[in-house]
Amino acid sequence: MLRTILVTSILAIVFFVAERYFVSPWLHPYWKILLIFFLSVSFLTHRLVETGLQGNRERFVPLYLAATVARLILGLIFVGFFLFQHIEQRRTFIFDFLVLYIFYTGFEIWPLTRNLRRDS
């Protein structure tokens with residue numbers, strides 16, 4: 001979880017610098033809300049998998065898949081809420097959301113594949 005907080009902090013600094021000092025048509029004004037959403041969803045999925053693994057290690061795959069489905073559903077609800085509110089720059093918002101979704105998903109899968117290579 002510490003890595004996720006560190007990566008989110010680095011992304012926040014990069015987005016802040018891009019917003020403050022450069023013209024960034026690819027950056028939506030709600031980038032802070034997007035980062036908070038992804039940090040909180042990562043925390044929730046981490047806690048779900050960690051809590052479920054306390055008793056039985058064989059439940060890892062179903063719990064991880066359930067956490068991934070929960071992230072997808074929460075993401076759809078999040079985007080639907082903002083689109084329902086008629087925010088400006090909808091395409092930029094969707095683009096930023098999808099890029100961050102793929103980034104955070106890849107960031108969470110990367111340590112798993114690293115551990116799998118070591119264990120095989």
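This is a predicted model: local features need pLDDT of at least 70, side-chain atom pairs count only at pLDDT 80 or more; totals for chains, interfaces and linings use all residues.
## Overall architecture

The chain contains four helices and zero strands. Read from the N terminus, its elements follow the order α-α-α-α. Taken along the principal axes, the C-alpha atoms occupy a box of roughly 50 × 30 × 20 Å. The chain has 120 residues, of which 33% count as buried.

Among contacts in the chain with a separation of 6 or more, 67% come from residues 24 or more positions apart.

## Helix α1

Helix α1 covers residues 2-21 and has 20 residues. Its end C-alpha atoms lie 28 Å apart, which agrees with the 28 Å that the helix should span at 1.5 Å a residue. The buried residues in α1 are T4, V7, T8, L11, F15 and A18. These residues lie on the same side of α1, because they cover an arc of only 100° around the axis. The face turned away from this buried side carries the exposed residues L2, L6, I13, R20 and Y21.

V7 illustrates the buried side of the helix. This residue is placed in α1, and its relative accessible area is 16%. Buried residues are those under 20%, so V7 with its 16% is counted as buried. Leaving aside residues up to four places away in sequence, V7 touches F103 and F107. By contrast, V7 and N56 are 49 residues apart in sequence, and their C-alpha atoms are 30 Å apart in space.

## Helix α2

Helix α2, residues 31-52, has 22 residues. From its first C-alpha to its last it reaches 32 Å, close to the 32 Å expected at 1.5 Å a residue. Its buried residues are W31, L34, L35, F37, F38, V41, S42, T45, V49 and G52. They are placed on the same side of α2, because the arc that they cover around the axis is only 160°. On the face turned away from the buried side, α2 carries the exposed residues I36 and L44.

## The nonpolar surface patch

L44 also takes part in a nonpolar surface patch, which it makes together with F43, V69, I73, L74 and I77. The area of this patch is about 540 Å². Helices α2 and α3 each supply at least two of its residues. The greatest contribution is that of α3, with four residues.

I77, one of the residues of the patch, is found in helix α3. Its relative accessible area is 53%. The exposed class begins over 50%, so I77 is counted as exposed.

F60 and E50 are separated by 10 residues in sequence and by 9.0 Å in space, from C-alpha to C-alpha.

Phi of H86 is near 60°, a positive value in a residue other than glycine. Q89 likewise is not a glycine, and its phi is positive at about 55°. H86 is exposed, whereas Q89 is partly exposed.

## Accessibility of selected residues

The table gathers the relative accessible areas of the residues discussed individually above.

| Residue | Relative accessible area | Class |
|---|---|---|
| V7 | 16% | buried |
| Q89 | 44% | partly exposed |
| I77 | 53% | exposed |
| H86 | 60% | exposed |

How values were computed
Residues are numbered from 1 along each chain as its sequence is written. Side-chain values use heavy atoms; hydrogens and water are left out. The expected span of a helix is 1.5 Å times one less than its number of residues. Buried means under 20% relative accessible area, exposed over 50%, partly exposed in between (1.4 Å probe, protein chains only). The arc is that of the directions from the helix axis to the C-beta atoms. Patches are made of residues with over 30% relative accessible area and no salt bridge: like charges are joined within 9 Å, nonpolar side chains (Val, Leu, Ile, Met, Phe, Trp, Tyr) within 5 Å. Accessible areas come from the Shrake-Rupley method with a 1.4 Å probe; for residues, only the protein chains shown count as cover. A salt bridge is a side-chain nitrogen of Lys or Arg within 4 Å of a carboxyl oxygen of Asp or Glu. Contact means heavy atoms within 4.5 Å.
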